Amino acid sequence: MSNAVTPLGGAKTNIGGLTLEDMGLQGMISLRGDLSSKALAKAVKAVTGQGVPELRTANVMGGKGAAWMSPDELLLFVPYAEADAAVATISETMKAEHHLAVNVSDARGFMRLSGAGAHEVMSKNAPVDFHKDVFTAGMFRRSRLGQVAAAFWLDAEGGFNVVCFRSVADYVYRLLEVSAEAGAVDAL
Amino acid sequence: MLTLQCPYCGVDAEETELQGGGEAHLKRFGPGSNDDDFEGYLFLRENQKGIHFERWRHAYGCGKWFLAARHTNTLEVFGTYPAQSTEPPQHIKDAISAKLPGWKWGNFS
Amino acid sequence: MSTRLAKGGRLIDSTKPLDFTFNGKRLKGYEGDSLASALLANDQMMVGRSFKYHRPRGIVASGAEEPNALVNLGTGGKFEPNQRVTTQELFDGLTATSQNHWPSLEFDIGAVNQLFARFLPAGFYYKMFIHPRPFWKHIYEPFIRQSAGLGKAPTEKDADTYEHFYFYCDVAVIGGGIAGLAAALEAGRSGARVLVMEQEAHWGGRAVVDGVMIDGEPAEQWIDNTLAELDAMENVTLRERMMGAGVYDHGYVLGYERLTDHDPKLAGPRHRLWRIRTKQIVTATGAIERPLSFAGNDIPGVMLAAAMRDYLVNYGVSVGDRTVVVTNNDDAYRTALALVDAGLVVPAIIDARPQGGGELMEEAIARGIRVEKGRGIAKVKGRARVTGVAICAQEGEGAVLAEIDCDAVAMSGGWSPVVHLWSHCGGKLNWDADQAMFRPDATRAPTGDKGQPFVITAGTANGHLYSAEVLVDGYTAGRTAAQAAGFTPAATEAAVGEDASQAPLLPIWLMPQGAGHALKSKAWLDFQNDVKVSDIQLAAREGYESVEHAKRYTTIGMATDQGKLSNINGLAILSQALDEAIPNVGTTTFRPPYTPISMGSIGGAARDELFQPIRKTPIQGWHDENGAVYEPVGQWRRPYTFTRGGESKHDAVKREILNTRNNVGLLDASTLGKIIVKGPDAGKFLDMLYTNMMSNLPVGKCRYGLMCSENGFLMDDGVVARIDEETWLCHTTTGGADRIHGWMEDWLQCEWWDWKVYTANVTEQYAQIAVVGPKGRQLLEKLGGMDVSKETLPFMQWADGVLGGFNARVYRISFSGELSYEIAVPASQGRAFWDALWSAGQEFGVMPYGTEGLHVMRAEKGFIMIGDETDGTVIPQDLNLGWAISKKKEDYLGKRAQERSHMADPNRWKLVGLETLDGSVLPDGSYAIAQGKNANGQRNTQGRVTSTYYSPTLGRGIAMGLVHNGPDRMGEVIEFNTTNGGTIKAKIVDPVFYDKEGAKQNV
């Protein structure tokens, strides 16, 4: 898999105190099933080392973890090279119950925006309250950025991790870049 | 521009996150049904000025369809509830009755 | 003349001069000036001409309500027409030009229109331009187009940038006058998140200019203290130069922030559009002074009294040396006193009230100003500038009692609260007859998502004209709003405002009240659109009794100021003409935005490469580098063809097709939809979705399927592969991927929610490449790693494996009639895999082909294309696809509809092939002509072309079409219309033009 590339090709930009960067190849698995099931929790634990995330939260650390996508869907984060094996593990663990685990690592763009003012850059593009007291670390939200669907969470280091579809990754990257270049609003 | 609370993920979603899906609580009529029933299913809608039950999908959010009881004139939202409902929950009916005594919509009142 | 005084001007810094130009003249102003004040300081009273009569127009107001003083601002990429000089702050190097005149502002040809004014009454356009009808296109429309429009359209691309900003708060306060600040203070102290917007660069509204005292000190002190306290609150956001543009459903507010208009050298976006969601809104938007309707009230030099006071106090500008004040209320006396304070002459105050005013009048008299009670202005003298006024009795018909020389007139007809933002979302109004104004009715406020009132109005916007009441109202509004937003504000001691007591206003809608036609036809209501008192009365006489009709008939309130000055006066005149009470006539609808906002701000960041998202496949980079000519398919850009050298697109397509048919072609098919459907009930589910059976598809095999809407119409097609016992992979069209995924979820969530099925849209997980042509197998064998022979991987099967080192899923499916493999690899390796195919394929003559080649090849084979052969009215049976419709199934989506009599009618138009007799290409979309004509006199039709191409394989035009009873008419020749009015003959043939036996794909 040495010839695998991300849609952003490792892009990184520093704008003022902000950093926008391609997060590189990241294993991602879409897991649908009964989020309250023990087998599912076991499978999630087995491949991510984390528990099943609460409503609208993400517990991703060091490229491993899970995010709450919908009442019957999680997005699991595993190392890129391990995604297929992780799908196999999940399928084995959950074979007795109805579920769907599918490798979507290549279907996504994955980037991170960090630094002072990142909240405001996000606020220019999503109909979401990013006030620091409201959108706090660990919160996960699916919405839109500009005109495309995106999911994002705030990590403990204050960076926004943004997941979008691969085909529009450069649109999202450029949108955040332009919004960062436009400067601070000084309102959040 | 409306804001509706998605009953699945709890987000107060503004309309740009949502996709409208027309009238709720339609009963599907398939092969074997008579022409009147089928016409009703495909084409006939309540379309009242007043209470309306409608389908929305949290398209840019959790992707789930849900139903909303909304006043088409004042835009008051009496509640949202899961799409897996064959009729509006009683507390929503009560909320409507408080504002619109004697309301009637399809088979509901 | 208007000029800058030696002293005064609290907002300007006279140590910082600025240069600017107006119509090429170099002029000087000061930092802190508005463009209006700077123009007046340079005696540039006349700034434009009116829309219809091209009459000279001067500055009449000092704020957003200004109807006349619109200019073109800037040059090149910074050019913008219709900018209000009153809301434009002066900056060094500003360039402005006046509008709506030719050849010059001072000498304008169009001004002859006013000589014909009596032939250009209200409704003139409607009456004049109707007959004779042929005149419309060649005479009337060109004439109207030439004279229409104020500013010029920009010719260059906008050089500025814009952005949006989503903001959430508990209380949004619109207006930063003393009421708004008091509301913000009270709401802020409760801990609520508060946003305060002030459209101007200064806080405090009119209080300072009006000399209001708060807690015993000049208002400025309280304003400064309050701002400091608000500024220190973490939960309060203060924004100046930001207008509350509109109030919408469910607490949505648009804020229009002008960031660099006052200094274009600043970096960053020019405007920022705030998309605000708030629980509660306080509209503290103040009031607008009304003009009085007297003859000649439009002559430059006639100005609103409070505006004149603003220019004097804020900018040290006097509009005239001798100013006559005319009023029906006490407030205008403040202007007279301020003028006298500044050493200027006020020859008289004409007060229409028989008893005159109160405290302020006494003060004026004490200062030696002549006050004429019960009088009005019969007529203003002057043409491009006021030279004097003729005075008459207000109660009379305009007989002149005296004439007074003057060079300016300050008028005040009372105040209209700015109720626009209150009304945008349905807030209702009451008529206050005493103050002659519409006031918000707090019991009928706009309601939100819970049915709760969500707009509170405060201060002058609520009809309070005394600062004491204004402040109390502001505090109360802030407290009420915070409470409604879920906070518990502690009532704090309100600051106390004090100002002079006032005598009651006397509503005056026409001056003098008995004015005859000659005077009324010179008494302007709408200065920009040239609507006069006589026009409204004419409209009423001609039956336009509804205020909305009268507005459109006369164009009152339809100018760029949207009737901020004219509407109340106009509807008062209308109500008199109809002999109705003002509230019965009602107001026209207040629609957002409050004043025009820039198109750029509406677009925000969505411009240039961000105008819309363009979806890109993993192989797009290669296409870019290799001559791809794109066509849009949804939000994708797919290569239509790849041109080489100086080749035309047509030649490129031809080359690509012949090469694919003879050697091997590559198609980037990554955009095709790919949806995983899994679960114990997945087979049952797919049997409902597709017209044919999918549950019995063996693992490892592929099957073509059709999907219909519940109306029975064909909506998508594609190949389905059975992956394992519980899993299917459904291919959709490129445009259908998201739609069909949504369609599946809709049925699973809303109808069959007890069925155990999960879906996942994996369209973008894979790069998919079609390797097509007789040498395709050799190419894959060269890559190696998988057995792709006919025996191991026959037509309509798939296999997983490693191909040339890539994890691949290979489908033996064909949309071209050739030996064909569609190969899916992880998207991250899509480009590498394409490159591998490209280099391995060189010895086989590999070439890429685009969507046009794809389309032509499928048409040569008679394969249908969703969107060409279908248009939302076509059922599969029309396309002879009965073989793909299960007869065994009791139900599938669309089946019931296909049983309806119209759908089952044997006489429907059906798919056939079409060949022109001369080998030419049939025009796209042309109709087959039938005998006779329909009820509208149009020729009857019996079919239409759905796809038509030049086939390089056959060397002639081929087409498919839907023809009445088509399949039963093989060999018949019918006629199709052409775009030049002629017809062309074509023979009905089998739609499969090439390799009817399928020999080429089954190798």
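Reader: Is Val71(C) buried or exposed, and what decides the label?

Author: Start with the rule. A residue is buried if 20 or more other C-beta atoms lie within 10 Å of its own, exposed if 12 or fewer, and partly exposed in between, with C-beta atoms placed from the backbone. Val71(C) counts as buried because it has 27 C-beta neighbours inside 10 Å.

Reader: What kind of model and numbering am I reading?

Author: This is a predicted model, where local features need pLDDT of at least 70, side-chain atom pairs count only at pLDDT 80 or more, and totals for chains, interfaces and linings use all residues. Residues are numbered from 1 along each chain as its sequence is written, and chains are lettered from A and ligands numbered from 1 in the order in which they are written.

Reader: Which element holds Val71(C)?

Author: Elements are DSSP runs, numbered from the N terminus: helices are H or I with at least four residues, strands are E with at least two. Val71(C) sits in strand 6 of chain C, residues 70–73. As a general idea, side chains in a regular strand alternate between the two faces of the sheet.

Reader: Which residues does Val71(C) touch?

Author: Contact means that two C-beta atoms, placed from the backbone, lie within 7 Å. Leaving out residues up to four places away in sequence, Val71(C) touches Val47(C), Gln83(C), Val85(C), Ala96(C), Thr97(C), Ser98(C) and Gln99(C). For a distance check, take Ser14(C). Val71(C) and Ser14(C) are 57 residues apart in sequence and 25 Å apart in space, C-alpha to C-alpha.

Reader: How do I read strand pairing in chain C?

Author: Count bridges. Two strands pair if DSSP finds at least two bridges between them. Take strand 52 of chain C, residues 983–989. Strand 47 of chain C, residues 909–916, runs antiparallel to strand 52 and is joined to it by four bridges. There, Leu914(C) stands opposite Ile988(C). Strand 51 of chain C, residues 973–977, is also antiparallel to strand 52, with five bridges. Ile974(C) has Ala986(C) as its bridge partner in strand 52.

Reader: How many residues lie between strand 51 and strand 52 of chain C?

Author: Five residues lie between these two strands, which form a hairpin. In the turn, Gly981(C) has a positive phi of about 95°.

Reader: Now the interfaces. How many residues does each side give where chain C meets chain A?

Author: Chain C gives 37 residues and chain A gives 38. On the chain C side, strand 9 (162–174), strand 37 (673–678), strand 41 (758–761) and helix 22 (830–841) each supply at least two residues. Strand 9 of chain C gives the most, with six residues. The side of chain C that touches chain A has 19 nonpolar, ten polar and eight charged residues.

Reader: And how many residues are in the contact of chain A with chain B?

Author: Ten residues come from chain A and eleven from chain B. Strand 4 (65–70) and strand 8 (140–145) of chain A are the elements that give two or more residues to the chain A side. Strand 8 of chain A gives the most, three residues. That side of chain A has five nonpolar, two polar and three charged residues.

Reader: Which domains does chain A have?

Author: Domain bounds come from an automatic or database domain assignment. For chain A the assignment gives domain 1 (27–106) and domain 2 (107–181). Their C-alpha centres lie 22 Å apart. Eleven residues of domain 1 are in contact with ten residues of domain 2. Strand 4 of chain A supplies the largest share of the domain 1 side, three residues. By class, that side of domain 1 has six nonpolar, three polar and two charged residues.

Reader: How do I judge the overall build of chain A?

Author: With 188 residues, a compact globule would come near 16 Å, and chain A agrees at 16 Å. The C-alpha trace of chain A spans about 55 × 40 × 25 Å along its principal axes. Chain A has four helices and ten strands. Of its 188 residues, 55% are buried.

Reader: And chain B?

Author: With 109 residues, a compact globule would have a radius near 13 Å; chain B has 14 Å, which agrees. Chain B has two helices and six strands, in the order β-β-β-α-β-β-β-α. Buried residues are 37% of the 109 in chain B.

Technical notes: Ala, Val, Leu, Ile, Met, Phe, Trp, Tyr, Cys and Pro count as nonpolar, Asp, Glu, Lys and Arg as charged, and the others, Gly among them, as polar. The radius of gyration is taken over C-alpha atoms; the globule rule is 2.2 Å times the number of residues to the power 0.38.
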